[in-house]
Amino acid sequence: QVQLEESGGGLVQAGGSLRLSCAASGIIFPINTMGWYRQSPGKQRELVAAITPRDNTNYADSVKGRFTISRDNTKNTVYLQMNSLKPEDTAVYLCNIELRVSLSTRRNYWGQGTQVTVSS
């Protein structure tokens with residue numbers, strides 16, 4: 001079974017940095033896009049950053065210039081480096097991977113989430 005192990009969350013002060021990681025196991029199909037989402041109470045889950053197999057990236061406007069997403073395909077791992085953190089970045093961050101079951105079929109899997117809390 002596919003498993004996503006997330007780590008790196010924690011409590012930091014505004015202006016600090018944090019690095020999230022998500023390691024996938026039980027993968028038998030190629031991994032397409034990998035990404036990070038976040039959600040907080042009373043708010044819809046939003047895409048924070050995504051990265052393709054060819055390292056093309058996409059970021060939410062609110063994190064551009066502060067966050068960097070990367071991936072290590074040899075380890076089936078995706079990272080999110082978060083710098084200059086703001087209180088509004090506080091949320092549960094969830095890893096997502098999209099598996100390429102076939103050239104035309106995709107399947108998504110989610111991690112359980114890791115809490116990021118930024119104090120003012």
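How many disulfides does the count come to, if a disulfide is a pair of cysteine sulfur atoms within 2.5 Å? The count comes to 1 disulfide.

1. Basis of the note. This is a predicted model, in which local features need pLDDT of at least 70, side-chain atom pairs count only at pLDDT 80 or more, and totals for chains, interfaces and linings use all residues. Residues are numbered from 1 along each chain as its sequence is written, and side-chain values use heavy atoms, with hydrogens and water left out.

2. The disulfide. C22 and C95 are joined, with an S to S distance of 2.2 Å. The link of C22 and C95 is left-handed, with -80° about the S-S bond. Distant parts of the chain are linked by this pair, since C22 belongs to strand β3 (residues 18–25) and C95 to strand β9 (residues 91–100), 73 residues apart. Strands here are DSSP runs (E, at least two residues), numbered from the N terminus.

3. Accessibility of the two cysteines. C22 is buried because its relative accessible area is 1%, and C95 is buried because its relative accessibility is 0%. Buried means under 20% relative accessible area, exposed over 50%, and partly exposed in between (1.4 Å probe, protein chains only).

4. The sheet. Four strands form an open sheet of 4 strands in the order β1-β3-β8-β7, with antiparallel pairing. Its edge strands are β1 (3–7) and β7, each of which pairs on one side only. On average, neighbouring strands of this sheet are turned by 15° against each other, direction ignored; such axes are lines fitted to C-alpha atoms, and angles run from 0 to 180 degrees between N-to-C directions. The antiparallel strands β1 and β3 are joined by 5 bridges, where two strands pair if DSSP finds at least two bridges between them. Opposite C22 in β3 stands E6.

5. Charges over rings. R19 lies over the face of Y79, at 4.1 Å from the ring centre. R45 lies over the face of W110, also at 4.1 Å from the ring centre. A charge sits over a ring if NZ of Lys or CZ of Arg is within 6 Å of the ring centre and within 35 degrees of the ring normal.

6. Positive phi values. Most residues other than glycine have a negative phi. N76, in the loop between β7 (67–72) and β8 (77–82), has a positive phi near 50°. N76 counts as partly exposed because its relative accessible area is 26%. S84, in the loop between β8 and β9, likewise has a positive phi near 50°. S84 is partly exposed, at 42% relative accessibility.

Definitions and conventions: A disulfide is a pair of cysteine sulfur atoms within 2.5 Å.
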